[in-house]
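Please open the structure in your viewer and keep the selection panel at hand.

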Amino acid sequence: MNQSIATLKNELIQMVEAANDLSALEHARVTALGKKGRITDLMKNLGSMDPEARKAMGAALNELKDEIATLIEKQETGLKHQALNDRLAHETVDITLSPRPERSGHIHPISQTMEELVSIFADMGFSVAEGPDIEDDFHNFTALNFPPGHPAREMHDTFYLPDDPDETGEAARKLLRTHTSTVQIRTMMGQKPPIRIICMGRTYRSDYDMTHTPMFHQMEGLVIDKNTHMGHLKGCLMDFLRAYFQIDNLPVRFRPSFFPFTEPSAEVDIGCSRKDGGLKIGAGDSWLEILGCGMVHPNVIKNCGLDPAEYQGFAFGMGIERLAMLKYGIPDLRTFFESDVRWLQYYGFDPLARPNRATGE
Ligand code: PHE
């Protein structure tokens with residue numbers, strides 16, 4: 001009898017050790033220890049044995065059962081360990097890759113354009129200033145030489161906030177800024193000349209069509225110093241426009257205009273051609289208005305507590321969407337704010353690319 005147990009034992013050990021995956025091992029377990037397994041079968045015979053033999057056989061079978069169960073467990077641990085090592089070897093992950101290349105984000109054309117503007121003006125020695133979106137009448141109009149009741153106030157289609165009972169008087173009346181020129185005032189009142197800043201941000205006017213949205217972005221520039229003149233204004237803006245559109249001989253034209261806060265004032269046009277419904281910037285016999293500018297009005301300088309006999313300067317303002325539309329061929333302003341992911345995939349920019357993609361610098 002012991003002889004047959006020893007044979008069975010060898011057989012089962014071989015079978016367990018030969019199992020080289022988890023399903024083969026499970027098969028071996030059922031064969032040895034299952035309800036109809038080899039060891040279980042022998043146990044069923046115990047009842048017909050005489051007590052002495054049964055005792056010896058029972059003990060031997062229990063021992064065998066424990067031994068085989070332990071061996072199976074050991075084999076299972078080994079196989080699982082090996083399976084994990086195999087997976088780790090095959091499923092290597094390059095953690096430097098984009099997790100979902102098909103879904104990688106894009107930089108919105110407004111952000112891209114702002115980065116380009118900052119980089120151009122930073123090269124010219126400008127720093128970036130900021131001001132709040134919710135402004136008051138003083139900063140948006142009065143200090144900028146729009147006297148109360150001045151018709152130019154009406155051109156701005158201003159969004160006014162409900163009256164604040166704590167604040168009294170017209171100057172404190174809250175509104176959403178209609179232009180970034182408010183930051184001219186805040187900067188001149190807050191720091192000493194020489195001043196050389198740009199400011200970019202949201203502006204608001206109650207208007208909506210192909211070329212107007214109630215919220216849009218502007219960039220403002222302000223230079224204040226002792227000997228600043230119109231030649232500086234022209235040179236600065238021509239350099240800027242040529243750098244931004246990346247056209248060295250871009251035609252630039254200054255056309256007399258009016259803003260309450262600048263005198264003289266000008267609107268600036270760039271040369272373009274319009275053929276077959278297409279628009280090409282840089283050459284041709286047509287002009288495209290691109291920004292407003294002028295020498296800061298002496299009243300504005302005075303309103304900010306500076307002496308206009310000592311300080312002069314220039315200012316300019318432009319729409320950031322318009323700059324982006326012209327450079328990147330985006331036809332409809334309203335699409336900027338629709339948050340359509342297909343639009344962003346098409347017009348957006350690679351987050352890892354350098355700001356000026358036109359030259360591939
Ligand atoms: N603030 C003017 C506008 O919104 C633009 C401008 C800024 C003009 C600075 C001249 C100087 O239309």
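**The ligand and its surroundings**

Begin by selecting the ligand: 14 residues surround it, and the closest are His179, Ser181, Arg205, Gln218 and Gly317 (a residue is near a molecule if one of its heavy atoms lies within 4 Å of it). This is a predicted model, in which local features need pLDDT of at least 70, side-chain atom pairs count only at pLDDT 80 or more, and totals for chains, interfaces and linings use all residues. Residues are numbered from 1 along each chain as its sequence is written, and side-chain values use heavy atoms, with hydrogens and water left out.

Next, select the side chain of His179, which has an N or O atom 3.0 Å from a nitrogen atom of the ligand. In the side chain of Ser181, an N or O atom is 2.9 Å from a ligand nitrogen atom. Then turn to Arg205, where an N or O atom of the side chain is 2.9 Å from an oxygen atom of the ligand. Taken alone, the ligand exposes 330 Å², and the protein buries 90% of that (areas by the Shrake-Rupley method with a 1.4 Å probe).

Now select strand 5 (215-225), strand 9 (286-296) and strand 10 (312-319), the elements that give two or more residues to the shell around the ligand (strands are DSSP runs of E, at least two residues, numbered from the N terminus). Strand 10 gives the most, with 3 residues.

**The whole chain**

Finally, colour domain 1 (2-90) and domain 2 (109-347) separately; these bounds come from an automatic or database domain assignment. The C-alpha centres of domain 1 and domain 2 lie 85 Å apart.

Notes. A polar contact is a pair of N or O atoms within 3.5 Å; within protein, one must be able to donate a hydrogen and the other to accept it, and residues adjacent in sequence count only if both atoms are side-chain atoms. Helices (H or I, at least four residues) and strands (E, at least two) are DSSP runs, numbered from the N terminus.
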